[in-house]
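Me: I have a chain on the screen and would like to go through it with you, one topic at a time. Could you take a look?

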Amino acid sequence: MVNHAMIIDVEASGLGDNSYPIEIAWVNRLNRHQNDSFLVCPDPSWTFWDDYAEQSIHRIPRDSLLKDGVSVINACNRLNDALKGHRILSDAAQTDRFWIRKLFSCAGIQSEFSIGSIYELIPGDKADVFQRRLKKESVPHRALEDARAIAKCVNFVCS
């Protein structure tokens, strides 16, 4: 089932191949009260940490993941329970898909949703408007706030 209402955003430990998801959020762009956001406690095999990403991008200390994060298995189950059967859209589909695959692979659980590009929804002639509008948003590189900003911009260009 294609659902162009759901937007996902993932924050990660860094940007390299050894990075992993540390915060995941999704929002329903048509119902702002329907959303979820959580930190992910890293699997013991996930050891890569980019200090620059922590200090200059997401500002999420690794210790807070260990203290407040949900387990990899709980994260997968939570996402599947909420998003099962839907195609969720991302402004960075390739990287968000990479991190979600890493999460589900680590847990040994099959993802029951797919991730596509937000540009599947935005008409080609409005892509530049979307990008400019998103750049104007003040986003703190936290998953829920970023997903909300993306949804707001999509709603603007698709209205």
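Me: Cysteines to begin with: how many disulfides does the structure hold?
Reply: This is a predicted model, and the structure holds zero disulfides.

Me: How far is the sulfur of Cys106 from the closest cysteine sulfur?
Reply: The closest cysteine sulfur belongs to Cys76 and is 8.0 Å from that of Cys106, whereas a disulfide calls for two cysteine sulfur atoms within 2.5 Å, so the pair is too far apart for a bond.

Me: And what about Cys153, where is the nearest cysteine sulfur?
Reply: For Cys153 the nearest cysteine sulfur is that of Cys158, which is 11 Å away, and Cys153 is in no disulfide.

Me: Are those two, Cys106 and Cys153, buried or exposed?
Reply: Cys106 is partly exposed, with a relative accessible area of 30%, while Cys153 is buried, with a relative accessible area of 0%.

Me: Let's change topic to helix packing. At what angle do helix 3 and helix 4 pack?
Reply: Helix 3, which covers residues 72–83, and helix 4, which covers residues 93–107, pack at an angle of about 115°, and their axes are 9 Å apart. The crossing of these two helices is left-handed.

Me: Which residues make that contact?
Reply: Helix 3 contributes Val72, Ile73, Ala75, Cys76, Leu79 and Asn80, and helix 4 contributes Ile100, Leu103, Phe104, Cys106 and Ala107. Both Cys76 and Cys106, the cysteines we discussed above, are therefore part of this contact, although their sulfurs are 8.0 Å apart.

Me: On to charges, then. How many salt bridges does the structure hold?
Reply: There are five salt bridges in the structure, and one of them joins the side chains of Glu23 and Arg142, with a distance of 2.8 Å from N to O.

Me: What does Glu120 form a salt bridge with?
Reply: Its partner is Arg87, and the closest N and O atoms of Glu120 and Arg87 are 2.8 Å apart. This pair links distant parts of the chain, since Glu120 is in the loop between strand 5 (114–117) and helix 5 while Arg87 is in strand 4 (residues 87–90), 33 residues apart. Glu120 counts as partly exposed at 40% relative accessibility, and Arg87 also counts as partly exposed, at 24%.

Me: And which residue meets Glu137?
Reply: The side chain of Glu137 meets that of Lys152 in a salt bridge of 3.5 Å, N to O. Glu137 is in the loop between helix 5 and helix 6, and Lys152 is in helix 6, 15 residues apart. At 46% relative accessibility, Lys152 counts as partly exposed.

Me: Last one, Ala147: which residues does Ala147 touch?
Reply: Leaving aside residues up to four places away in sequence, Ala147 touches Ile7, Asp9, Ala25 and Val27. Ala147 lies in helix 6 (residues 143–158) and is buried, with a relative accessible area of 0%. The C-alpha atoms of Ala147 and Ala25 are separated by 6.8 Å, although the two residues are 122 residues apart along the chain.

Note on methods. Residues numbered from 1 in each chain as written. Predicted model: local features only at pLDDT ≥ 70, side-chain atom pairs only at ≥ 80, totals over all residues. Heavy atoms only, no water. Axes fitted to C-alpha atoms, helices over the stretch in contact; angles between N-to-C directions. Helix = DSSP H or I, 4+ residues; strand = E, 2+ residues; numbered from the N terminus. Left-handed = near helix turned anticlockwise from the far one by under 90°. Contact = heavy atoms within 4.5 Å. Buried < 20%, exposed > 50% of the residue type's maximum accessible area, 1.4 Å probe, protein only. Salt bridge = Lys/Arg side-chain N within 4 Å of Asp/Glu carboxyl O.
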